[in-house]
Amino acid sequence: MSYQVIVLNGGSSTGKSSIAACLQSILSTPWLTFGTDTLVDAMPPSLTNADAGIGFGADGEVTTGEVFKALDVAWSLGIAAMVRAGAQVIVDEVFLGGAASQDRWRNALEGLPVLWVGVRCDPDVAAAREAARGDRTVGMAASQALLVHEGVSYDLEVDTSTTSALECAQVIAARVTKAEQTQRR
């Protein structure tokens, strides 16, 4: 089975976006990339730091309200519709709800060939990256590093603590290529 979706799940500052960009450059077919940041950036300002939307606490905690949750479901169904229409998509996601977040995506992507990839990173390394970036809420990387993997099952895991985004992407691409070759036989 050839994969049509690659879901990269990991906490903030773990390197998911960098891995996705590397995958786009090394995979043999075009892949679109959408991330949780895509959804947050598309939301009206009235839903950021609001009870109904998404909020970012001073300690890095992320809270989500009912309107955000409804938009998140619609967004995942929209991504799935693009895949069903023929696009190959890399999803750069943060499963704040652990297994429940994965279940939401499984429901949206039902019947589609998905490669579930856990992107792990030592909390201290992620926190150092967060500090160096300067565009994240301090504490978010450390608080999410382990939380987003709780109860989540993967086909493949990579660790960016000491491995580059390109090397991680090469491991993932090898899995995608192997699946494509197996399907052709």
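**Reading the aromatic pairs and the core**

Colleague: Hello! Let me start with one side chain: is W75 buried or exposed, and why?

Modeller: W75 counts as buried, because its relative accessibility is 13% and the cut-off for buried is under 20%. Please keep in mind that this is a predicted model.

Colleague: Thanks. How many aromatic pairs does the structure hold?

Modeller: There are two aromatic pairs.

Colleague: Where in the chain do W75 and W105 lie?

Modeller: W75 belongs to helix α3 (residues 66-84) and W105 to helix α4 (residues 99-108).

Colleague: What about the pair formed by F95 and W116?

Modeller: That pair is tilted: the centres are 6.5 Å apart, and the planes make an angle of 55°. F95 is buried at 0% relative accessibility, and W116 is buried at 9%.

Colleague: What else surrounds W116?

Modeller: R106 lies over the face of the W116 ring, at 5.2 Å from the ring centre. Beyond its neighbours within four places in sequence, W116 also contacts several other residues, among them V7, W105, L109 and Y154.

Colleague: How should I think about a nonpolar core?

Modeller: In soluble globular proteins, nonpolar side chains tend to be buried together. Here the largest nonpolar core has 27 residues, and V7, W105, L109 and W116 have the most contacts inside it.

Colleague: Which elements give two or more residues to this core?

Modeller: They are β1 (5-9), α2, α3, β5, α4 and β6. Helix α3 provides the largest share, five residues. There is also a second, separate core of 21 residues, which includes A20, L23, I172 and A179.

Colleague: One last thing: which residue does UniProt list for "active site"?

Modeller: The UniProt entry, which is unreviewed, lists D37. In this model D37 lies in helix α2 (residues 36-42). At 33% relative accessibility, D37 counts as partly exposed.

Notes
Residues are numbered from 1 along each chain as its sequence is written. This is a predicted model: local features need pLDDT of at least 70, side-chain atom pairs count only at pLDDT 80 or more; totals for chains, interfaces and linings use all residues. Side-chain values use heavy atoms; hydrogens and water are left out. Rings of Phe, Tyr and Trp (its six-membered ring) pair if their centres lie within 6.5 Å; planes under 30 degrees apart count as stacked, over 60 as edge-to-face and the rest as tilted. Helices (H or I, at least four residues) and strands (E, at least two) are DSSP runs, numbered from the N terminus. Buried means under 20% relative accessible area, exposed over 50%, partly exposed in between (1.4 Å probe, protein chains only). A charge sits over a ring if NZ of Lys or CZ of Arg is within 6 Å of the ring centre and within 35 degrees of the ring normal. UniProt positions are given in the numbering used here, feature names are shortened, and annotations may be inferred rather than shown by experiment. A nonpolar core is a set of buried Ala, Val, Leu, Ile, Met, Phe, Trp, Tyr and Cys residues joined through side-chain atoms within 4.5 Å. Contact means heavy atoms within 4.5 Å.
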